[in-house]
Amino acid sequence: MPEPVTGVHRDSHGSSNPPTITPDPPRALPELCAQVHGKLDAFLRAEPATARVRAVQEQSRVSLGVLEEALGRFSLDELSLSYNGGKDCLVLLILYLSALHTHSISKRRDTNPAAAPPPQHRLPQTLRSVYIISPHPFPQVDAFVNTTQHLYHLRLARYAKPMKEAFADYLADQPAVRAIFVGTRRTDPHGAELTHFDPTDRGWPSFMRIHPVIDWHYADIWTFIKEMGVEYCPLYDMGYTSLGGTTDTHPNPALAVKDDPGGGGAGGERYRPAFELVEDEAERLGRDY
């Protein structure tokens, strides 16, 4: 697989931060989940170097609690993940993998630590997931989704149609699914009134929407990605801060560096990477609505 994107593996202490997933990923999902859990556990135990890191540690614990509650309420056959390769669902996926490790070993610890987990706690070979493709997808996004689908053992169903129709078709194809993890945050469109668990609105296909990262800020997302050494879509290093399609998504003007002689844009313009943005309100300045 490609090497992680330059710049992502430097933590708040300024030291080189090895990637969460090694270049040679484990072959089985349980090993992958254990690897991710070990990295996340080390991050949560570390003394935070900044107030932002401390806040992200707390947000991570809250999100893990939501994931653990979901795993208690629904079986793995009933759970799915909405995944499009964006930064928010990527953070959600990493947290989910860690929670799956804890969930899979919890019953073993209660009985015989050496015994195999009971059938309902055994992890599958792949995780149910759904990718609703933009009408005009970026090649970089599709390539990143393809790479991470295999890296994270996702059983990814793809639908190139409007969201409501796509979810209806997905639930018809996967009738066991009752709940879907979604990487929506409170500052996203229609996110202000959401909670951790919300049934779909009237007129939509019926399932439980689960929002483990609903209260994360934009800067929290990037702090987690950098602290954990998570590989991300290369468009974020080109100034894109919110990914849609090629016809409605542009580099964020708040990250523009004007009159740069080495820039490749009009008038020598270039853009700083997405993780340099701080304000939630500026995240979608590169999107057309």
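Helix H3 (87-110), strand E2 (127-132) and helix H5 (163-173) each supply at least two residues of the lining of the largest pocket. Helices (H or I, at least four residues) and strands (E, at least two) are DSSP runs, numbered from the N terminus. The model is predicted: local features need pLDDT of at least 70, side-chain atom pairs count only at pLDDT 80 or more, and totals for chains, interfaces and linings use all residues. Residues are numbered from 1 along each chain as its sequence is written, and side-chain values use heavy atoms, without hydrogens and water.

**Largest pocket**
- A pocket is an open set of points on a 1 Å grid over the protein atoms alone, where a 1.4 Å probe fits, with protein on both sides within 12 Å along at least five of seven lines; lining residues have an atom within 4 Å of a point.
- Its lining comprises 41 residues, and Asn-84, Met-163, Thr-184, Arg-284 and Arg-287 lie nearest the centre.
- H3 gives the most to this lining, with three residues.

**Fold**
- The protein has six helices and eight strands, in the order α-α-β-α-β-α-β-α-β-β-β-α-β-β along the sequence.

**Helix H1**
- In H1, the buried residues are Leu-29, Leu-32, Cys-33, Val-36, Lys-39, Leu-40, Phe-43 and Leu-44.
- They lie on the same side of H1 because they cover an arc of only 140 degrees around the axis, taken from the directions from the helix axis to the C-beta atoms.

Terms used:
Buried means under 20% relative accessible area, exposed over 50%, partly exposed in between (1.4 Å probe, protein chains only).
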